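Let's go through this model together, one question at a time. Have a look at the sequence and the coordinates first.

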Amino acid sequence: RTDDTKEYEFGDPFLLDLKGTLMNSVRREGVGSPLRLTPEDFEVYRTELMTQTATVLMVDMSRSMLLRGCFFAAKKVALALDSLIRGQYPRDTLHVLGFSYQARELKPGTLPQLVWDEHEYGTNMQHGFMLARHLLGKHKSANKQIIMITDGEPTAHWEAGAPHPYFNYPPTYRTIQETLKEVVRCTKDDIVINTFMLERGHYLIDFIDQMTQINHGRAFYAEPEALGEYVLVDYVANKRTTKRIR
């Protein structure tokens, strides 16, 4: 229920605004008793449809994230989003992935102790998208999304049967294409990818442009200190799909 009201129409949830309903009768008939109500007097509260969402938050943990001062901002967002969903949207689900040379799932309870690994190079978005897709595939929620926080383009990927990821900077055509193949797979599974960029490098912007053309997700540029506001406000805004009532 929202705080806005409207005239009742057939099919509306009957969430009666008693004060508004009585005042409509007074305006129509004037002051006096008893008040006589007609169907036109009924005033009801508008409603919103709160959509259930399954989310994977992908946090870039590559070397450049720490050197540019972005890693701790991303960590704060992960903690805040986990707290928001647990407190306000308990029917939603959140998975957190960290990705650099390869991707791995991070349990919410370990987020406060999360530290950056200075020995890992690379930005393996391909592996991150692959794991995210598998995690979201376990949920029946109609709304599935990946929120990715990164400061760089993909520079690593797995080759089929290879014991280790392949890494190269600047990114190779092969890495870009293998990463975009995972974007296509996510898109076919109705997973929306929204990206929060902490840098405006040429390679990154070019890759994100290609990705959004495939997936039709959104891309934002945010300064590290404003990242939390961007992500949390966007999450809440997209939770609310207003039920249109004529």
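Predicted model: local features only at pLDDT ≥ 70, side-chain atom pairs only at ≥ 80, totals over all residues.

Me: Happy with that! How many salt bridges does the structure hold?
Reply: A salt bridge here is a side-chain nitrogen of Lys or Arg within 4 Å of a carboxyl oxygen of Asp or Glu. With that criterion, the number of salt bridges in the structure is 12.

Me: Where do Glu 182 and Arg 133 sit, and how many residues apart are they?
Reply: Their side chains meet in a salt bridge, at 3.2 Å from N to O. This pair links distant parts of the chain, with Glu 182 in helix α5 and Arg 133 in helix α4 (residues 125–136). Helices (H or I, at least four residues) and strands (E, at least two) are DSSP runs, numbered from the N terminus. The separation of the pair is 49 residues.

Me: Are Glu 182 and Arg 133 buried or exposed?
Reply: Relative accessible area decides this: under 20% is buried, over 50% is exposed, and in between is partly exposed (1.4 Å probe, protein chains only). Glu 182 has 2% relative accessibility, and Arg 133 has a relative accessible area of 17%. Glu 182 therefore counts as buried, and Arg 133 is also buried.

Me: Which residues are joined into one network with Arg 174?
Reply: Arg 174 forms a salt bridge with Glu 159, and the closest N and O atoms are 2.8 Å apart. Arg 174 lies in helix α5 and Glu 159 in the loop between β8 (156–157) and β9 (166–167), so the pair ties together parts that are 15 residues apart in sequence. Salt bridges that share partners join Arg 174 into one network with Glu 159, Glu 178 and Lys 181.

Me: Now the helix packing: are α5 and α6 roughly parallel or antiparallel?
Reply: Helix α5 (residues 173–188) packs on helix α6 (residues 202–215) at an angle of about 25°, with axes 9 Å apart. Axes are lines fitted to C-alpha atoms, for helices over the stretch in contact, and angles run from 0 to 180 degrees between N-to-C directions. Angles under 35 degrees count as roughly parallel, over 145 as roughly antiparallel, 65 to 115 as roughly perpendicular and the rest as oblique. That makes the α5 and α6 pair roughly parallel.

Me: Is the crossing of α3 and α7 left-handed or right-handed?
Reply: The axes of helix α3 (residues 71–88) and helix α7 (residues 227–239) come within 9 Å and cross at roughly 30°. A crossing is left-handed if the near helix is turned anticlockwise from the far one by less than a right angle, and right-handed if clockwise. For α3 passing α7, the crossing is right-handed.

Me: What is the relative accessible area of Val 231?
Reply: Val 231 is placed in helix α7. This residue is buried, and its relative accessible area is 0%.

Me: What is the phi of Asp 190, and what is that of His 216?
Reply: Asp 190 is in the loop between α5 and β10 (191–197), and His 216 is in the loop between α6 and β11 (219–221). Neither is a glycine, yet phi is positive: about 60° for Asp 190 and near 65° for His 216.

Definitions and conventions
Residues numbered from 1 in each chain as written. Heavy atoms only, no water.
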